[in-house]
Amino acid sequence: KIDNTVVLHNGIDMVRFNTNLYDKNKILKSLNINDNNFIIGHIGRFSEVKNHQFIIRVFREVKNKIPNAHLILVGTGELENKIKADVEQFGLMDCVSFLGNRSDIPELLSVMDVFLFPSHFEGTGIALIEAQAMGLKCVVSEGIPQEAIVNNNVFTLSLNKPIKEWCECILEENTNNVDKKNEERLKKYDLNVIIKKLEKIYSGDAL
């Protein structure tokens with residue numbers, strides 16, 4: 001029953017999330033990844049909630065289908081060594097890149113073909129917002145809040161679904177269905193829009 005509350009979303013700099021700004025081949029070369037690889041990416045700390053073990057299982061299935069698949073993992077955390085051990089056990093070290101914490105997230109997103117985000121749950125999922133801003137196909141779990149799904153390139157699956165179904169969803173060819181309504185939903189995460197809202201609050205103007 002509080003009527004004097006304003007919600008400000010975590011803003012992102014939309015200008016940076018434009019594939020045309022980046023040289024994909026140059027970025028892949030800097031990462032020692034072949035430019036003909038099918039790149040699956042994930043951004044998130046190595047913790048239980050982010051479900052990295054599931055990511056590795058899904059990637060292993062994809063790798064069995066298309067040998068040129070490569071996985072990029074961005075982030076650090078308490079489970080990083082465990083996940084590295086799993087990757088080594090499955091014989092996938094040559095096709096999984098552990099990149100640690102990075103400041104060049106738009107550049108990394110620009111080389112991905114699919115963004116994989118199977119979290120058990122999320123508060124918002126800013127990494128997913130950024131992936132959508134970049135125009136990526138995103139395959140996510142039902143633990144992602146609807147608020148974080150802003151366009152039609154997001155495909156949601158239950159974590160109870162077989163790994164095979166996740167693999168099929170990743171490899172299925174989908175047309176880019178971003179329309180004007182999607183763009184409007186994405187705008188509420190635009191840093192410039194957030195700044196203007198905040199300025200109005202500070203100046204006492206009605207929103």
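Q: Leaving aside neighbours within four places in sequence, which residues is Ile43 in contact with?
A: In this predicted model, and with those sequence neighbours set aside, Ile43 is in contact with Val74, Ile105, Leu109, Met112, Phe115, Phe117 and Ala127.

Q: And which residues touch the most other members of the largest nonpolar core?
A: That core has 36 residues, and those touching the most other members are Ile43, Ile72, Leu109, Met112, Phe115, Leu128 and Cys138. The elements that each give two or more residues to this core are the helices H1 (24-30), H4 (105-110) and H5 (126-133), together with the strands S1 (38-43), S2 (69-74), S4 (114-117) and S5 (137-141).

Q: Which of them gives the most to this core?
A: H5 does, with five residues. Apart from this core lies another one of 26 residues, including Phe46, Val62, Leu73 and Trp166.

Q: Back to H5, how many of its residues are buried?
A: Seven of its eight residues are buried, so that the helix is mostly covered. The buried ones are Ala127, Leu128, Ile129, Glu130, Ala131, Gln132 and Ala133, and the helix is followed by Gly135, whose phi is positive, near 85 degrees.

Q: What about S4, which way do its side chains point?
A: Val114 and Leu116 point one way from S4, whereas Phe115 and Phe117 point the other way, and all of them are buried. In a regular strand the side chains alternate between the two faces of the sheet.

Q: Which strands does S4 pair with, and in what sense?
A: S4 pairs with S1 in the parallel sense over two bridges, and four bridges join S4 to S5, again running parallel. Phe115 takes part on both sides, as the bridge partner of Gly41 and standing opposite Cys138 in S5.

Q: Is His42 buried or exposed?
A: His42, which is found in strand S1, counts as buried because its relative accessibility is 0%, and the cut-off for buried is under 20%. Leaving aside its neighbours within four places in sequence, His42 is in contact with Lys50, His52, Ile55, Ile72, Leu73, Val74, Met112, Phe115, Leu116, Phe117 and Pro118.

Q: Switching to the surface, which residues make the nonpolar patch of about 380 Å²?
A: That patch is made by Val6, Leu8, Ile201 and Tyr202, and among them Ile201 lies in helix H8 (residues 191-203).

Q: Why does Ile201 count as partly exposed?
A: Ile201 counts as partly exposed because its relative accessibility is 36%, and that class lies between under 20% for buried and over 50% for exposed.

Methods. Residues numbered from 1 in each chain as written. Predicted model: local features only at pLDDT ≥ 70, side-chain atom pairs only at ≥ 80, totals over all residues. Heavy atoms only, no water. Core = buried A, V, L, I, M, F, W, Y, C linked by side-chain atoms within 4.5 Å. Buried < 20%, exposed > 50% of the residue type's maximum accessible area, 1.4 Å probe, protein only. Contact = heavy atoms within 4.5 Å. Patch = residues over 30% accessible without salt bridge, like charges linked within 9 Å, V, L, I, M, F, W, Y side chains within 5 Å. Areas by Shrake-Rupley, 256 points an atom, 1.4 Å probe, with all protein chains shown as cover. Salt bridge = Lys/Arg side-chain N within 4 Å of Asp/Glu carboxyl O. Pairing = 2+ DSSP bridges.
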